[in-house]
Amino acid sequence: MTGADGGPAASGPHAAAGGDAEIRALVDQGTSGAGHLIRRLFQLRTRIWQDMMPCDLTGPQFTVLGTLYRHGSMDQGTLGQHAGLDKSTAAPIVERLRGRGLLVIRRDTADARRKLVDLTPEGRQMVIKAAPFAAQVDERLLATLTAGEREGFFRIAHRVLNVEVEGPQ
């Protein structure tokens, strides 16, 4: 089969998307667009976190501990919602923190079918110790932005995530 120019007819994704230039534009968007930048921001934050955090906590682990510190005891589903973690991510984090003695899981006295997650005294102390460093990680990550740019960054990120803004997270 030949194409309009007498050469071989285009097939596969090139033909469906309208040719090589269009595919190149799609590849460029996929390799340097929003997803690529978000991944690079995440990698940068992870590097800064590892450099600055003296406690043996990951960012998501601190988020779980901090959520319980701010809101108190709650069931694991609610904890995941507040912390922005899906069930498959939250469950192993909670289990690891429980294994380290930073969390306790107990039955709800009002509803024995429901399990509540709460900080242990050690977990509370870990949050208190780690919080200043977690704040410094954000400061270092956003150091090149003005106060107005930081506000805009948070506003846009929350809008993309479709999350109601309570203030800087």
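Predicted model: local features only at pLDDT ≥ 70, side-chain atom pairs only at ≥ 80, totals over all residues.
1. Let me start with Arg-150, which sits in helix 8, the helix spanning residues 147–161. Arg-150 has a relative accessibility of 18%, and since the cut-off for buried is under 20%, the residue counts as buried. Setting aside residues up to four places away in sequence, Arg-150 touches Glu-139, Leu-142, Ala-143 and Leu-145.

2. Now the overall layout. The chain has eight helices and three strands, and along the sequence they come in the pattern α-α-α-α-β-α-α-β-β-α-α. Of the 169 residues in the chain, 28% are buried. The chain exposes about 11,500 Å², with carbon and sulfur atoms supplying 55% of that area. As for contacts between residues at least 6 apart in sequence, 48% join residues at least 24 apart.

3. The three strands make an open sheet in the order 1-3-2, with antiparallel pairing. Strand 1 (74–75) and strand 2 (103–107) are the edge strands, each pairing on one side only. Strand 2 and strand 3 (residues 115–119) run antiparallel and are joined by five bridges. Strand 1 and strand 3 also run antiparallel, and two bridges join them.

4. Ile-105 lies in strand 2 and stands opposite Val-117 in strand 3. Is Ile-105 buried, partly exposed or exposed? Its relative accessibility is 30%, so Ile-105 counts as partly exposed. Leaving out neighbours within four places in sequence, Ile-105 is in contact with Val-94, Arg-98, Lys-115, Leu-116 and Val-117. Its C-alpha atom is 6.4 Å from that of Lys-115, ten residues apart along the chain.

5. Which helices pack on the sheet? Back to the pairing for a moment: strand 2 and strand 3 are joined by five bridges. Helix 4 packs on the sheet and touches strand 1, strand 2 and strand 3, its direction making about 95 degrees with that of strand 3. Helix 6 (residues 87–99) packs on the sheet too, touching strand 2 and strand 3, and its direction makes about 105 degrees with that of strand 2.

6. Next, helix 4 against helix 5. Helix 4 covers residues 59–71 and helix 5 covers residues 76–83; they pack at an angle of about 105 degrees, with their axes 9 Å apart. That angle makes helix 4 roughly perpendicular to helix 5. On the helix 4 side the contact uses Thr-63, Val-64, Thr-67, Leu-68 and His-71, which meet Leu-79, His-82 and Ala-83 in helix 5. By class, the residues of this contact divide into four nonpolar, four polar and no charged.

7. Helix 5 also meets helix 6. Their axes come within 10 Å and cross at roughly 110 degrees, so helix 5 and helix 6 are roughly perpendicular to each other. Which residues of helix 5 and helix 6 make the contact? Helix 5 contributes Gln-76, Leu-79 and Gly-80, and helix 6 contributes Ala-90, Ala-91 and Val-94. The contact of helix 5 with helix 6 has four nonpolar, two polar and no charged residues.

8. Last, a loop residue. Asp-56 lies in the loop between helix 3 (34–52) and helix 4. With a relative accessibility of 61%, Asp-56 counts as exposed, because the cut-off for that class is over 50%. Leaving aside neighbours within four places in sequence, Asp-56 is in contact with Gln-61 and Arg-100. How far apart are Asp-56 and Met-126 in space, C-alpha to C-alpha? The distance is 9.4 Å, although Asp-56 and Met-126 are 70 residues apart in sequence.

Key. Residues numbered from 1 in each chain as written. Heavy atoms only, no water. Axes fitted to C-alpha atoms, helices over the stretch in contact; angles between N-to-C directions. Helix = DSSP H or I, 4+ residues; strand = E, 2+ residues; numbered from the N terminus. Parallel < 35°, antiparallel > 145°, perpendicular 65-115°, else oblique. Contact = heavy atoms within 4.5 Å. Nonpolar A, V, L, I, M, F, W, Y, C, P; charged D, E, K, R; others polar. Buried < 20%, exposed > 50% of the residue type's maximum accessible area, 1.4 Å probe, protein only. Areas by Shrake-Rupley, 256 points an atom, 1.4 Å probe, with all protein chains shown as cover. Pairing = 2+ DSSP bridges.
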